Every structure is written in structure tokens, then in C-alpha cells.
Amino acid sequence: MARSPVHPAPEQIELPMLLDCLSDPTRLVVVYRLAQLGPGESELQCGNFNAIGAKSNLTYHFARLREAGLIRTRVEGTGRYISLRRDDLEARFPGLLESILKAAARDPVCLELAGCSRSAAEAKKKR
């Protein structure tokens, strides 16, 4: 039986670790994709990110994001579901996540990894 992953409490989320975690392009794309989920969608399966990296590499990135307090991982059977901890992050650092996501959207180069929901051309049009 798989153990539930450990998540830091909201008050344990540290700004330096959060910013260091988001400095990696793969992790930034994961967070950006989770933030772009529409109404009625709050999580994605790990397999939804296969286009941006190998499974073993993504496992490492998901662990770093979870340890930093950016995502929550829910285990259901053999599946792992990932959601953005938007409310916890907003309570701890008001406006920070939204600022990071807006900056990422303005810089299409940082979101050019395969599987990102917006292309560089779309991002340039939004400028």
C-alpha cells in the first residue's frame, strides 16, 4: 500500500524554498499548467505532464514542488493527482503566485517546454 505524501503545513512554506523551486523551467511549467485549469478542474494526473519530461525526472520535480508547498499530491489507487495549493500560498504570501504566473505568461521563452497550454506566439499576442 502506498503511503500518502507528506505536505508542509501552510505556515511551514518558506519564501526562499518556494522561489528556488520555481526557478526551474520544468517546475514553473507544471505550476503554470495547474494554474490554468478551468472551472470544475482542480487537479491533473502525473501522466498529464509526460510531454515535458521523463517519468523519473518528473517524479523528482513533483517531489520538489510538494516539499516547497506549491502542490498537493493525492494518491488514489495507482494514480497520483496533483493540485496547486493556491489558497495556502495566497494566505501565506498574498499576490506572490499571481505575480509569478503573470511574469511567466509575459515571458514566452520560459513556457516553451512541450505540453504547455500556451504557445510562444499566443503569449506574444497577449503582450
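**Exercise 1.** State how helix 1 and helix 2 are oriented to each other, parallel or perpendicular.

Solution. Helix 1 and helix 2 are roughly perpendicular to each other, a label for angles of 65 to 115 degrees (under 35 is roughly parallel, over 145 roughly antiparallel, the rest oblique). The model is predicted, so local features need pLDDT of at least 70 and side-chain atom pairs count only at pLDDT 80 or more, while totals for chains, interfaces and linings use all residues. Residues are numbered from 1 along each chain as its sequence is written, and side-chain values use heavy atoms, without hydrogens and water.

Step 1: the axes of helix 1 and helix 2 (residues 25-35) cross at roughly 100° and come within 7 Å. Axes are lines fitted to C-alpha atoms, for helices over the stretch in contact, and angles between N-to-C directions run from 0 to 180 degrees.

Step 2: Asp20, Cys21 and Leu22 of helix 1 make the contact with Arg27, Leu28 and Val31 of helix 2. Contact means heavy atoms within 4.5 Å.

Step 3: by class, this contact of helix 1 with helix 2 has four nonpolar, two charged and no polar residues. Nonpolar covers Ala, Val, Leu, Ile, Met, Phe, Trp, Tyr, Cys and Pro; charged covers Asp, Glu, Lys and Arg; the others, Gly among them, are polar.

**Exercise 2.** Describe how helix 1 packs against helix 3: what is the angle between their axes, and which residues meet?

Solution. Step 1: the axes of helix 1 (residues 15-22) and helix 3 (residues 55-68) cross at roughly 155° and come within 9 Å. Helix 1 is therefore roughly antiparallel to helix 3.

Step 1: the crossing of helix 1 with helix 3 is left-handed, that is, the near helix is turned anticlockwise from the far one by less than a right angle (clockwise would be right-handed).

Step 2: from helix 1, Met17, Leu18, Asp20 and Cys21 meet Arg64, Leu65, Glu67 and Ala68 of helix 3. The residues of this contact between helix 1 and helix 3 are five nonpolar, three charged and no polar.

**Exercise 3.** Find the classes of the residues in the contact of helix 2 with helix 5.

Solution. Step 1: helix 2 and helix 5 (residues 96-106) have axes 11 Å apart and pack at an angle of about 105°. Helix 2 is therefore roughly perpendicular to helix 5.

Step 1: Leu28, Val31, Tyr32 and Ala35 of helix 2 meet Leu97, Ile100, Leu101, Ala104 and Ala105 of helix 5.

Step 2: the contact of helix 2 with helix 5 has nine nonpolar residues, with no polar and no charged ones.

**Exercise 4.** Summarise the chain: how many helices and strands does the chain have?

Solution. Step 1: the chain has six helices and three strands. Helices (H or I, at least four residues) and strands (E, at least two) are DSSP runs numbered from the N terminus. The order from the N terminus is α-α-β-α-β-β-α-α-α.

Step 1: of the 127 residues of the chain, 41% count as buried.

Conventions: Buried means under 20% relative accessible area, exposed over 50%, partly exposed in between (1.4 Å probe, protein chains only).
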